[in-house]
Amino acid sequence: MKQYDYLLTDLSRIVYDPDLPGTARVHAAMAMAAVERKHVHDGSGLDALRALSLGAPDPRDRKMAKWALGNARRGRR
């Protein structure tokens, strides 16, 4: 569905923009995971959460991304 591809592209820009606050980036990744899981099924949401869980500058943001990644994985089973 094309409209969801556009949404994922816009959310991805937020996730991977190092100039934005980490919390905003994690929330964008969480939104990506939800949209991707329900409509697109390409794994981009999990990839975004995984990237932030390993590379977010702030430890609290990494922890939130790890938590969200775990929940997103459980929701796919």
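**Entry 1: Asp10 and Arg13**

I started with Asp10, which is partly exposed, with a relative accessible area of 43%. The model I am reading is predicted. I looked for a partner of Asp10 and found a salt bridge with Arg13, where the closest N and O atoms are 2.9 Å apart. Arg13 is exposed, and its relative accessible area is 56%. Next I checked where the pair sits. Asp10 and Arg13 are three residues apart in helix H1, so about one helical turn separates them. I noted the general rule beside this: an α-helix has 3.6 residues a turn, so residues three or four places apart point the same way.

**Entry 2: the other salt bridges**

How many salt bridges does the structure hold? I counted three.

One of them joins the side chains of Asp47 and Arg50, with 2.9 Å from N to O. Both residues lie in helix H3, three residues apart, which is about one turn of the helix. I looked up the accessibility of each. Asp47 has a relative accessible area of 42% and is partly exposed. Arg50 counts as partly exposed too, because its relative accessibility is 31%.

Asp58 forms a salt bridge with Arg60, and here the closest N and O atoms are 2.9 Å apart. Asp58 is partly exposed at 23% relative accessible area. Arg60, at 64%, is exposed.

**Entry 3: H1 against H2**

I then turned to how two of the helices pack. The axes of H1 and H2 come within 8 Å and cross at roughly 160°. Angles over 145 degrees count as roughly antiparallel, and H1 and H2 are therefore roughly antiparallel to each other. The crossing is left-handed. I listed the residues that make the contact. From H1 they include Tyr4, Asp5, Leu8, Leu11 and Val15, and from H2 they include Ala28, Ala29, Met32, Val35 and Val40.

**Entry 4: inside H2**

Which residues of H2 are buried? I wrote down Gly22, Arg25, Val26, Ala28, Ala29, Met32, Ala33, Val35 and Glu36. I picked Ala29 from this list and looked up its contacts. Leaving aside neighbours within four places in sequence, Ala29 is in contact with Val15, Gly45, Ala48, Leu49 and Leu52.

**Entry 5: the end of H2**

Val40 is in helix H2, which covers residues 22-40. Is Val40 buried, partly exposed or exposed? Val40 counts as partly exposed, because its relative accessibility is 22% and buried means under 20%. Apart from neighbours within four places in sequence, Val40 is in contact with Tyr4, Asp5, Leu8 and Val35.

Just after H2 comes His41, with a positive phi of about 60°. I marked this down as a positive value in a residue other than glycine. His41 is placed in the loop between H2 and H3. Its relative accessible area is 56%, so His41 is exposed.

**Entry 6: the nonpolar core**

I looked up the largest nonpolar core, which has 18 residues. Which members touch the most other members? They are Val15, Ala29, Met32, Ala48, Leu49, Leu52 and Ala72. The elements that give two or more residues to this core are helix H1 (2-15), H2, helix H3 (44-55) and H4. H2 supplies the largest share, six residues.

**Entry 7: Ala72**

I finished with Ala72, one of the core members listed above. Ala72 is in helix H4, residues 59-76. Why does Ala72 count as buried? Its relative accessibility is 5%, and the cut-off for buried is under 20%. Setting aside neighbours within four places in sequence, I found Ala72 in contact with Ala33, Leu46 and Leu49. Of these, Ala33 is among the buried residues of H2, and Leu49 is also in contact with Ala29.

Last, I went back to Arg13 from the first entry. The C-alpha atoms of Ala72 and Arg13 are separated by 20 Å, and the two residues are 59 apart along the chain.

How values were computed: Residues are numbered from 1 along each chain as its sequence is written. This is a predicted model: local features need pLDDT of at least 70, side-chain atom pairs count only at pLDDT 80 or more; totals for chains, interfaces and linings use all residues. Side-chain values use heavy atoms; hydrogens and water are left out. Helices (H or I, at least four residues) and strands (E, at least two) are DSSP runs, numbered from the N terminus. Buried means under 20% relative accessible area, exposed over 50%, partly exposed in between (1.4 Å probe, protein chains only). Contact means heavy atoms within 4.5 Å. A nonpolar core is a set of buried Ala, Val, Leu, Ile, Met, Phe, Trp, Tyr and Cys residues joined through side-chain atoms within 4.5 Å. A salt bridge is a side-chain nitrogen of Lys or Arg within 4 Å of a carboxyl oxygen of Asp or Glu. Axes are lines fitted to C-alpha atoms, for helices over the stretch in contact, and angles run from 0 to 180 degrees between N-to-C directions. Angles under 35 degrees count as roughly parallel, over 145 as roughly antiparallel, 65 to 115 as roughly perpendicular and the rest as oblique. A crossing is left-handed if the near helix is turned anticlockwise from the far one by less than a right angle, and right-handed if clockwise.
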